[in-house]
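Please keep the sequence and the structure in view while reading.

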Protein chains: 2
Amino acid sequence: MKELVEAVRAHGIGIGTDIVKVDMFLNHRMDTELYVKIGQAFAAEFAQKKPDLVLTVEASGIAGALTTAIACGNIPVVFAKKSRTRNVTGDVYESRVFSFTHGVENHIRVAKQYLPEGSKVLIVDDFLANGEAAEGLCELCRQAGAEVIGIGVCVEKSFQPGHQKLVDAGYHVHALAKVLGIEDGKLIVED
Amino acid sequence: MKELVEAVRAHGIGIGTDIVKVDMFLNHRMDTELYVKIGQAFAAEFAQKKPDLVLTVEASGIAGALTTAIACGNIPVVFAKKSRTRNVTGDVYESRVFSFTHGVENHIRVAKQYLPEGSKVLIVDDFLANGEAAEGLCELCRQAGAEVIGIGVCVEKSFQPGHQKLVDAGYHVHALAKVLGIEDGKLIVED
């Protein structure tokens, strides 16, 4: 997506060999107009598969999930909640997600009633790197007996294995901007 | 706001004397159409004060902040991040927020560069109870030398002191649905 590629080039920051900072427009300060276009781009890619809901994980996935759900005709959004602890009651689907960024293991969970069996789910997230969050969301859908009709990510770190892992597992993955690498603090972004 | 009042009446759940659950449409599963109308309602109340940005706190404040920012003409959203630990670098504004819900003290923070001195800030959050989160966001603005032009909350627990504390401090507070109390698990919602 042209506007997102341009934003990553203009305002994205590379740190070391693998940290991509896009908090000027994507996940701390949020460029609203850009997010509306992100939603339209995901709807153009996935709406013909008729998703029943958009699933994401708090916190920075919520904005893209919401604009996508609006562009898909006001379908609901469900966001999985993160926790450092396991849930002890039986009313949630839950999976483990290791965060490379923070070096910790989180549990993500969704109340069972909000992820109905048989529903067609579009997963949206702001970032795809090692694919842990997306795999965790797919695992919640597997537990629920829901179908993942696609995975949309705003920015992908294509030099990390997440994209390929998800494609190998049979998912339809669509990234709107692909960071190919970092050179001297500058992000190399695919055209 | 009629639609939100109706949603709280139809799907909100009261637990004990003071817990209000609205996660069916507001802060776990999110009713997208309702959130678009929430944004329009906040814009109708506050847009004439010409906010430069909408400030909220992760995670469940983000959706309302985004639709409000869209309805205000695509101004940016900045969301404060929660942390259990104090920041040790000097590049953020930070305040302490005690969460009654979880019984813990959080720190919320915003990168200084995203909350410019002199900016006119509209604060939006999903909930107002004791007012801790809103006060914390106001404190970030005070540190930044930014002006809070208003505080919009989706659902207010009017039987708790947050609203009055913020009004007494001179803020323009607007709640779209007011829960007056809980009787036998049912929410009493103002017309």
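The points below treat the interface, the salt bridges and the backbone in turn.

The model is predicted: local features need pLDDT of at least 70 and side-chain atom pairs count only at pLDDT 80 or more, while totals for chains, interfaces and linings use all residues. Residues are numbered from 1 along each chain as its sequence is written, chains are lettered from A and ligands numbered from 1 in the order in which they are written, and side-chain values use heavy atoms, with hydrogens and water left out.

**The interface between chain A and chain B**

- The interface brings 29 residues of chain B into contact with 29 residues of chain A, where contact means heavy atoms within 4.5 Å.
- The size of an interface is often given as the accessible area lost when the parts come together.
- Polar contacts do cross the interface, in 14 residue pairs with both residues at pLDDT 80 or more.
- A polar contact is a pair of N or O atoms within 3.5 Å; within protein, one must be able to donate a hydrogen and the other to accept it, and residues adjacent in sequence count only if both atoms are side-chain atoms.

**Which elements of chain B face chain A**

- At least two residues each are supplied to the side of chain B that touches chain A by β3 (29–30), α2 (32–46), α3 (62–71), β5 (77–83) and β7 (104–111) of chain B.
- These labels follow DSSP runs numbered from the N terminus: helices are H or I runs of at least four residues, and strands are E runs of at least two.
- The largest share of that side, six residues, belongs to α3(B).
- Sorted by class, the side of chain B that touches chain A holds 17 nonpolar, six polar and six charged residues.
- In this scheme Ala, Val, Leu, Ile, Met, Phe, Trp, Tyr, Cys and Pro are nonpolar, Asp, Glu, Lys and Arg are charged, and the others, Gly among them, are polar.
- Strand β5 (residues 77–83) of chain A pairs with β3(B) in the antiparallel sense over two bridges; pairing requires that DSSP finds at least two bridges between two strands.
- Opposite B:Met30 in β3(B) stands A:Val77.

**Salt bridges**

- Side chains of opposite charge can pair when their charged atoms come close.
- Over all chains, the count comes to 19 salt bridges.
- One of them joins the side chains of A:Glu6 and A:Lys2 at 3.7 Å, N to O.
- Both A:Glu6 and A:Lys2 lie in helix α1 (residues 2–11) of chain A, four residues apart, which is about one turn of the helix.
- A:Glu6 is partly exposed at 42% relative accessibility, and A:Lys2 is exposed at 60%; buried means under 20% relative accessible area, exposed over 50%, and partly exposed in between (1.4 Å probe, protein chains only).
- Another salt bridge joins the side chains of A:Asp191 and A:Arg9 at 2.8 Å, N to O.
- This pair links distant parts of the chain, 182 residues apart: A:Asp191 is in the segment after β11 (186–189) of chain A and A:Arg9 is in helix α1 of chain A.
- A:Asp191 is exposed at 82% relative accessibility, whereas A:Arg9 is partly exposed at 40%.

**Backbone features**

- In chain A, a cis peptide bond with omega of about -5° joins A:Glu58 and A:Ala59, and A:Ala59 is in the loop between β4 (53–57) and α3 (62–71) of chain A.
- In chain B, the peptide bond from B:Glu58 to B:Ala59 is cis, with omega near -5°.
- A:Lys50 has phi near 50°, a positive value in a residue other than glycine, and A:Lys50 is exposed, with a relative accessible area of 59%.
- B:Lys50 also has phi near 50°, and B:Lys50 is exposed, with a relative accessible area of 60%.

How values were computed
Salt bridge = Lys/Arg side-chain N within 4 Å of Asp/Glu carboxyl O.
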